[in-house]
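Reader: Hi! I'm new to looking at protein models. Could you walk me through this one?

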Amino acid sequence: MSVKREENIKNKKTSKGLFTLFLVFLLVVSVYAVGWLSLAYTFKTSHPVTVVNGHSMLPTLNHGDIVILKSVSVKELIEDFKKGKKDIIVYKTKSGRYIIHRIYDLKYDENGKFLGFIVKGDNNPIPDPELVTPEKIVGKVVGRLVPYLGIIIIFVSSPIGYSLILITIILLVILILLDELKGLGKPKSEV
């Protein structure tokens, strides 16, 4: 077999492998997008899934649990609380962080006007200092999708995880480029 033919076979295998890798990546992204959009539509929220980051909700929710949220009205949360059901909600703090805690109490002014929710982590000794007003509520936790799998998401979104992924991608690109350049430097033989 000629050297040129061997190079052509190798290049076809490399191209086929890269194309297969691209298709797998496209499939994963598509499944994720369809799943996210389906949950967003079903639960009527732009944030249908989130990850528990911390230990404040132990033993109910663990660090790294992936939970499902649904849109919820203030009226529904108040009615549930009055019936003895203390829902777990996700709210956005003034600093922009998302917190997952349980409704601990309701806060009204002296005229009986509802002001917001007092929330507390199940594992915390005292309620949160910030009053959760209706516009801060992202959703109500309705289920746990995958226990502990969110630890990977937490790591990837950390500065160290992000840096490692970026370095890995750069190294893979360099290795692919070096392999391609190595093939370019070889003299082509005629048959």
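Author: Happy to; we can go through the fold, a pocket and some aromatic rings. Keep in mind that this is a predicted model.

Reader: Good to know. How many helices and strands does the chain have?

Author: There are four helices and six strands. Going along the sequence, they come in the order α-β-β-α-β-β-β-β-α-α.

Reader: And how much of the chain counts as buried?

Author: The chain has 191 residues, and 28% of them count as buried.

Reader: What share of the contacts comes from residues 24 or more positions apart?

Author: If you take the contacts with a separation of 6 or more, 56% of them are between residues 24 or more positions apart.

Reader: Okay, new topic: pockets. How much space lies in the largest pocket?

Author: The largest pocket holds about 680 Å³ of space. Its lining is made up of 29 residues.

Reader: Which of them lie nearest the centre?

Author: Those are Val49, Thr50, Val51, Val52 and Ile100.

Reader: Which element gives the largest share of the lining?

Author: Helix α1 does, with five residues. Other elements that supply at least two residues each include β1 (49–51), β4 (98–108) and α3 (150–156).

Reader: What kinds of residues line that pocket, by class?

Author: The lining has 18 nonpolar, ten polar and one charged residues.

Reader: Nice. Now the rings: how many aromatic pairs are there?

Author: The structure has two aromatic pairs. In one of them, the ring centres of Tyr108 and Phe114 are 5.5 Å apart and the planes meet at 70°, so this pair is edge-to-face. The other joins Phe114 to Phe117: the centres are 4.9 Å apart and the planes are at 65°, so this pair is edge-to-face too.

Reader: Why does 65° make the Phe114 and Phe117 pair edge-to-face?

Author: Because planes over 60 degrees apart count as edge-to-face, and the rings of Phe114 and Phe117 are at 65°. Put together, Tyr108, Phe114 and Phe117 form one aromatic cluster.

Reader: Is Phe114 buried or exposed?

Author: Phe114 counts as buried, at 18% relative accessibility, because the cut-off for buried is under 20%. Phe117 is buried as well, with a relative accessible area of 0%.

Reader: What about Tyr108, and why?

Author: Tyr108 has 34% relative accessibility, so it counts as partly exposed. That label covers values between 20% and 50%.

Reader: Thanks, that helps a lot!

Definitions and conventions: Residues are numbered from 1 along each chain as its sequence is written. This is a predicted model: local features need pLDDT of at least 70, side-chain atom pairs count only at pLDDT 80 or more; totals for chains, interfaces and linings use all residues. Side-chain values use heavy atoms; hydrogens and water are left out. On a 1 Å grid over the protein atoms alone, a cavity is a set of points where a 1.4 Å probe fits but cannot get out, and a pocket is an open set with protein on both sides within 12 Å along at least five of seven lines; lining residues have an atom within 4 Å of a point. Grid points are joined across faces, edges and corners, and a volume is the space filled by probe spheres set on the points. Ala, Val, Leu, Ile, Met, Phe, Trp, Tyr, Cys and Pro count as nonpolar, Asp, Glu, Lys and Arg as charged, and the others, Gly among them, as polar. Rings of Phe, Tyr and Trp (its six-membered ring) pair if their centres lie within 6.5 Å; planes under 30 degrees apart count as stacked, over 60 as edge-to-face and the rest as tilted. Buried means under 20% relative accessible area, exposed over 50%, partly exposed in between (1.4 Å probe, protein chains only). Contact means heavy atoms within 4.5 Å.
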